[in-house]
Amino acid sequence: MNVEQLWECLAKLQPVSLGHMPTPLEPLPRLTEVLGGPEIWVKRDDQTGLATGGNKVRKLNFLMAEALRQQADPVMTTGAQQSNHARQTAAAAARLGLPCVLVLRGSQPQPATAPQGNYLLDTLLGAAVRWTKADSIMDALYAEAEVLRQAGRKPYIIPYGGSNELGVCGYVAGMAELWWQMEALSLDFDVIVIASSSGGTQAGLALGAQALGYQGHIVGISIAEPAEAFRTHIADLANQAAELLELDSHLVPGDINVDDAFLGEGYGVVGDLEREAILLAGRSEGLLVDPVYTGRALGGLCERIRQGQLVAGQRVLFWHTGGIPALFSYSEALQK
Ligand SMILES: *Cc1c(COP(=O)(O)O)cnc(C)c1O
């Protein structure tokens, strides 16, 4: 189908508009030169505009439209202490006049330590924060929602990362937006590289790509998940969104390209890969990437170039998904 037809399917869900879109699509000539491989561009979803931006804004355009329809009281979601998703949800709720409760992993930081990074922003944005040490943060979220329901309220639950069929639609829309930009600039990308964690971003891009007939590859640099089960999960998410949008697309795990070579010491642990990528982007382009997601994804992209998997003559898009506030809670790890 063409991009206008895809856009019509998306518009039926009546998304709200929380951010600054289209986000810029920019070349990175100095980074390209330093790495000596493919021509590298960046899609600036770190600049989606809502409370320092990030990829969850696109998902929240669709999720918060539903929260409004259901008169959510409150909007609820969950994540790590430094969750970008939680912070963007808190901002979206504030902007739409809805109360917000966040269930974050861990225990309340000691009063002696001032809130940092995303958690600081959560508090400034007016979200109520609950802490959980449960193994499953989703179970903790459901339990907290049940307490509120018993008290007569009407919680609207957004899953971890905003990755359900509605959230995925945000990145189908993201792919349509990129398509328009590529058409306007007569530009094509052989490969799109993205940080992939709860999978919704990659699912949306992959679905949009299939619907539009995009010929390049979308490579998700896995942040925390082994590739095999993750591919199946992403394909499932894409297919649920396809059904919601009434697209006759169908993805199988083999359509999903996940690279799990950069899991390092685990989720949120900064190693040399991330540190070097942060310094490289900062010093070659004045571009900030974050310690948890985009630092790892850009590090993975650099490593693929060093290993000859991405080469001169190709054009690569690094889809920047945000995460900048987390830099301020990793100052020690980044000083090494
Ligand atoms: C959430 C997040 C991702 C991962 O997106 P998913 O849709 O969860 O895979 C990547 N980068 C940043 C900065 C994020 O906050």
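This is a predicted model: local features need pLDDT of at least 70, side-chain atom pairs count only at pLDDT 80 or more; totals for chains, interfaces and linings use all residues.

Q: Why is the contact between K43 and E177 called a salt bridge?
A: The cut-off is 4 Å between a side-chain nitrogen of Lys or Arg and a carboxyl oxygen of Asp or Glu. K43 and E177 come to 2.6 Å, N to O, so the pair is within the 4 Å limit and counts. It also links distant parts of the chain: K43 sits in strand β2, E177 in helix α7, and 134 residues separate them.

Q: What makes K43 count as buried?
A: Buried means under 20% relative accessible area. K43 has 0%, so the label applies.

Q: And why is E177 called buried?
A: Its value is 9%, which is under 20%, so E177 is buried too.

Q: Which residues are joined with K43 and E177 into one network?
A: D45 and R58 are; salt bridges that share partners join K43, D45, R58 and E177.

Q: Why does R275 with D272 qualify as a salt bridge?
A: The closest N and O atoms are 2.8 Å apart, so this Arg and Asp pair is within 4 Å. Both residues lie in helix α10 (residues 272–285), three residues apart, about one turn of the helix. As for R275, its relative accessible area is 12%, under the 20% cut-off, so it is buried.

Q: What makes D259 and R304 a salt bridge?
A: Here the N to O distance is 2.9 Å, so the pair is again within 4 Å. D259 is in strand β9 and R304 in helix α11 (residues 294–306), 45 residues apart. Both D259 and R304 are buried.

Q: Why do β7 and β8 count as paired?
A: Pairing takes at least two bridges. Strands β7 (residues 191–196) and β8 (residues 217–222) have six, in the parallel sense, so they pass. Within this pair, S196 stands opposite S222 in β8.

Terms used: Residues are numbered from 1 along each chain as its sequence is written. Side-chain values use heavy atoms; hydrogens and water are left out. Helices (H or I, at least four residues) and strands (E, at least two) are DSSP runs, numbered from the N terminus. Buried means under 20% relative accessible area, exposed over 50%, partly exposed in between (1.4 Å probe, protein chains only).
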